[in-house]
Amino acid sequence: MSTRIAFLKGHGTENDFVIVPDPENALDLPPAAVAALCDRRAGIGGDGLLHVVRSAAHPEAKDMAAEAEWFMDYRNGDGSVAEMCGNGVRVFARYLQHAGHVTAGDLAVATRGGVKRVHLAKNGDVTVGMGRALLPEGDVEVSVGERSWPARNVNMGNPHAVAFVTDLDHAGNLYDPPPFRPAEAYPDGVNVEFVADRGTRHVAMRVHERGSGETRSCGTGACAVAVATARRDGADPAVTGTPVTYTVDVPGGTLVITERPDGEIEMTGPAVIVAAGEIDASWLEGVLN
């Protein structure tokens with residue numbers, strides 16, 4: 001391991017990430033190292049870590065290398081591996097632009113949830129093609145304290161439970177995962193969104209992200225919320241034949257989600273690189289020993 005390791009810090013609607021460029025996949029980043037880097041007091045701090053690797057250099061992405069040069073090896077803040085992160089993809093794309101690997105326009109990013117199509121607009125917004133939502137059958141319920149709500153099971157490449165509430169404060173502090181049932185609905189845990197109406201095609205949400213706790217934003221969660229709300233509102237584009245767009249307020253800003261009649265979902269929002277520096281490798285090795 002070199003004496004120093006480059007890193008950057010970025011966020012998308014205040015969902016923040018440690019970014020570690022490693023084109024040839026030369027760094028060993030075990031869960032303990034990721035958790036240490038994401039620690040907000042003893043590390044750099046972030047909801048997750050974006051490990052930037054060329055697809056051809058990563059065993060999980062080699063099959064996608066012909067479509068996407070770069071692989072987003074995403075990790076949750078506790079070091080666990082995640083399939084996808086919508087805000088993370090936007091920040092990942094912004095990093096590639098910042099580093100000079102791409103310019104404004106269209107690009108593809110490989111993720112564990114498949115290849116995602118991204119558009120870097122000149123006004124600073126980033127749009128990500130998030131794919132189609134899956135809506136598994138079966139009733140799901142989530143709870144906070146004495147309150148319980150039915151939830152919509154939505155999979156955006158990662159699992160979500162979307163519950164509609166009258167007051168977002170009913171979600172509690174969201175430090176710990178809200179209990180859900182049945183347990184078999186989410187064998188690997190779940191991201192839980194609590195949603196309140198704000199107006200026509202306009203909702204607000206809070207989220208507990210699996211492996212991270214409450215975060216200021218969740219891109220796949222905002223997409224899951226838009227899909228669940230459209231079904232609740234009788235605005236399923238596959239039925240109506242008309243695209244539907246929802247504005248989704250998150251604690252860290254606003255995302256705009258559009259679902260098309262063919263099921264494809266697009267998410268648009270900001271992505272910002274805020275800092276760059278170096279990790280002291282001796283410190284990181286000390287964390288691991």
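**Exercise 1. In which sense do strands E12 and E13 pair, and over how many bridges?**

*Solution.* The model is predicted, so local features need pLDDT of at least 70 and side-chain atom pairs count only at pLDDT 80 or more, while totals for chains, interfaces and linings use all residues. Residues are numbered from 1 along each chain as its sequence is written, and side-chain values use heavy atoms, with hydrogens and water left out.

Step 1. Identify the strands. Helices (H or I, at least four residues) and strands (E, at least two) are DSSP runs numbered from the N terminus. Strand E12 covers residues 191-199, and strand E13 covers residues 202-209.

Step 2. Apply the pairing rule. Two strands pair if DSSP finds at least two bridges between them. E12 and E13 pair in the antiparallel sense over 7 bridges, and Ala-196 stands opposite Ala-204 in E13.

Step 3. Inspect the connection. The two strands form a hairpin with 2 residues between them, and Arg-201 in the turn has a positive phi of about 55°.

**Exercise 2. Describe the aromatic pair of Phe-17 and Tyr-74, and then that of Phe-180 and Tyr-186.**

*Solution.* 
Step 1. Recall the criteria. Rings of Phe, Tyr and Trp (its six-membered ring) pair if their centres lie within 6.5 Å; planes under 30 degrees apart count as stacked, over 60 as edge-to-face and the rest as tilted.

Step 2. A search of the whole structure finds 3 aromatic pairs. One of them joins Phe-17 and Tyr-74, edge-to-face, at 6.0 Å centre to centre with 75° between the planes. This pair links distant parts of the chain: Phe-17 lies in strand E2 (residues 15-21) and Tyr-74 in strand E4 (residues 70-76), 57 residues apart. Both Phe-17 and Tyr-74 are buried.

Step 3. For Phe-180 and Tyr-186, the ring centres are 5.3 Å apart and the planes stand at 85°, so this pair is edge-to-face. Phe-180, at 25% relative accessibility, counts as partly exposed, whereas Tyr-186, at 4%, counts as buried.

**Exercise 3. State which residues of helix H1 are buried and which elements they pack against.**

*Solution.* 
Step 1. Helix H1 spans residues 31-38, and its buried residues are Ala-33, Val-34, Ala-36, Leu-37 and Cys-38.

Step 2. These residues pack against E2, strand E3 (48-54), E4, strand E18 (272-280) and helix H5 (281-288).

**Exercise 4. Summarise the chain as a whole: how many helices and strands are there, and what fraction of residues is buried?**

*Solution.* 
Step 1. The secondary structure comes to 5 helices and 18 strands.

Step 2. Of the 289 residues, 52% count as buried.

Step 3. The C-alpha atoms fill a box of roughly 55 × 40 × 30 Å, taken along the principal axes.

Note on methods
Buried < 20%, exposed > 50% of the residue type's maximum accessible area, 1.4 Å probe, protein only. Contact = heavy atoms within 4.5 Å.
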